[in-house]
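Colleague: Please take one part of this model, the surroundings of the ligand, and go through it closely. I would then like to hear how the chain is arranged in some other places.

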Amino acid sequence: MKIFVTDTYEQMSRKAANIIAAQVQLKPNSNLGLATGGTPVGMYKQLIKMNEENDINFENVRTFNLDEYYPIDKNNDQSYYTFMNENLFKHVNINEENTNIPNGMADNIEEECKNYDNKIEVAGGVDIQVLGIGHNGHIGFNEPDGIFTKETNCVELTQTTINANVRFFNSIEEVPKKALTMGIGTIMKSKKILLLASGEDKAEIIRIMIEGNIDPKVPASVLQLHPDVTIVLDKKAAGKLSL
Ligand code: GLP
């Protein structure tokens with residue numbers, strides 16, 4: 001694992017955007033695995049700026065998002081589809097047809113999940129997967145569990161995750177209780193992983209993820225087994241590491 005610690009959230013975001021831009025410069029038709037949540041918003045802002053200044057070209061880029069609530073209409077204000085449009089896609093020269101997010105209204109969930117994994121495989125796999133981390137160690141929406149899930153699947157969200165996401169909704173009742181998420185196996189197949197975390201509230205889970213045991217009760221701990229992981233933290237999120 002390569003770990004970078006920056007002073008501020010803005011610096012964390014800039015570093016992450018530079019890593020993504022370097023990936024796209026080296027391979028213009030990269031498959032980017034993207035994440036939602038508050039953490040990557042600053043990185044997306046930087047990428048928009050770089051795109052305006054012609055420092056990154058999304059023309060031939062394909063994207064695969066980690067997850068989507070279930071059930072949720074893609075046009076709902078809180079869908080991850082809307083999030084990605086608002087925070088990145090509508091501001092850059094990406095071809096909408098090249099963007100992929102699990103369908104939160106799919107009738108046949110199993111088929112949707114299987115097709116999503118197939119689509120990633122047919123595209124040649126994800127070149128770099130961006131990840132945030134939940135307070136309980138979840139990545140995508142892979143919640144603490146007895147096993148590491150392999151493929152894209154439908155999960156029940158834990159109360160911790162529902163509580164953490166209520167800030168985006170009008171009330172707790174509105175937060176969907178399920179989600180479609182790339183499995184841990186799907187995430188681990190990415191050629192590179194870029195995990196971001198900022199703020200003191202992430203310091204404990206970052207310590208456990210990096211320095212603790214590999215345990216499906218801390219889904220992100222599996223990343224210790226991936227051969228190419230870059231972690232960019234602001235100094236608050238790195239505050240409990242014994243590095
Ligand atoms: C959600 C997303 C995750 C994200 C997590 C943390 O649960 N499914 O992909 O990493 O939130 O969000 P934040 O970055 O807002 O702390």
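Modeller: Around the ligand there are 13 residues, and those that come nearest are Gly38, Thr39, Asp67, Arg167 and Lys202 (a residue is near a molecule or strand if one of its heavy atoms lies within 4 Å of it). This is a predicted model, in which local features need pLDDT of at least 70 and side-chain atom pairs count only at pLDDT 80 or more, whereas totals for chains, interfaces and linings use all residues. Residues are numbered from 1 along each chain as its sequence is written, and side-chain values use heavy atoms, with hydrogens and water left out.

The ligand sits in the largest pocket; a pocket is an open set of points, on a 1 Å grid over the protein atoms alone, where a 1.4 Å probe fits, with protein on both sides within 12 Å along at least five of seven lines, and a molecule sits in it if more than half of its atoms lie within 2 Å of its grid points.

Thr39 itself lies in the loop between β2 and α2 (helices, H or I of at least four residues, and strands, E of at least two, are DSSP runs numbered from the N terminus). With a relative accessible area of 12%, Thr39 is buried (buried means under 20% relative accessible area, exposed over 50%, and partly exposed in between, with a 1.4 Å probe and protein chains only). Not counting residues up to four places away in sequence, Thr39 touches Tyr9, Met12, Leu196, Ala197, Ser198 and Lys202 (contact means heavy atoms within 4.5 Å); Lys202 is also one of the residues that come nearest to the ligand. By contrast, the C-alpha atoms of Thr39 and Cys154, 115 residues apart along the chain, are separated by 23 Å.

The loop between β2 (31–34) and α2 (41–52) also holds Thr36, which is buried at a relative accessible area of 11%. Setting aside residues up to four places away in sequence, Thr36 touches Asn65, Asp67, Tyr80, Phe83 and Met84. Asp67, which is among the residues nearest to the ligand, is likewise touched by Thr181, whose contacts beyond four places in sequence also include Leu66, Gly140, Phe141 and Asn142. Thr181 belongs to strand β8 (residues 178–181) and is buried, with a relative accessible area of 0%. The C-alpha atoms of Thr181 and Met84, 97 residues apart along the chain, are separated by 15 Å.

Turning to helix α1 (residues 9–26), Gln23 is found there and is buried, its relative accessible area being 9%. Its side chain makes a polar contact with the side chain of Ser30 at 2.9 Å (a polar contact is a pair of N or O atoms within 3.5 Å; within protein, one must be able to donate a hydrogen and the other to accept it, and residues adjacent in sequence count only if both atoms are side-chain atoms). The side chain of Gln23 makes another such contact, with the side chain of Lys192, at 3.2 Å. Apart from neighbours within four places in sequence, Gln23 is in contact with Ser30, Leu32, Asp127, Ile128 and Lys192.

Tyr70 and Pro71 are joined by a cis peptide bond, with omega about -10°, and Pro71 is found in the loop between β4 (67–70) and α3 (80–87). The C-alpha atom of Pro71 is separated by 9.7 Å from that of Asp107, 36 residues apart along the chain; Asp107 is in the loop between β5 (99–100) and α4 (109–122) and counts as exposed at 80% relative accessibility. Asn54, in the loop between α2 and β3 (62–65), has a phi near 60°, a positive value in a residue other than glycine, and is exposed with a relative accessible area of 69%.

Key. 1 Å grid on protein atoms, 1.4 Å probe; cavity = no way out; pocket = protein on both sides within 12 Å on 5 of 7 lines; lining within 4 Å.
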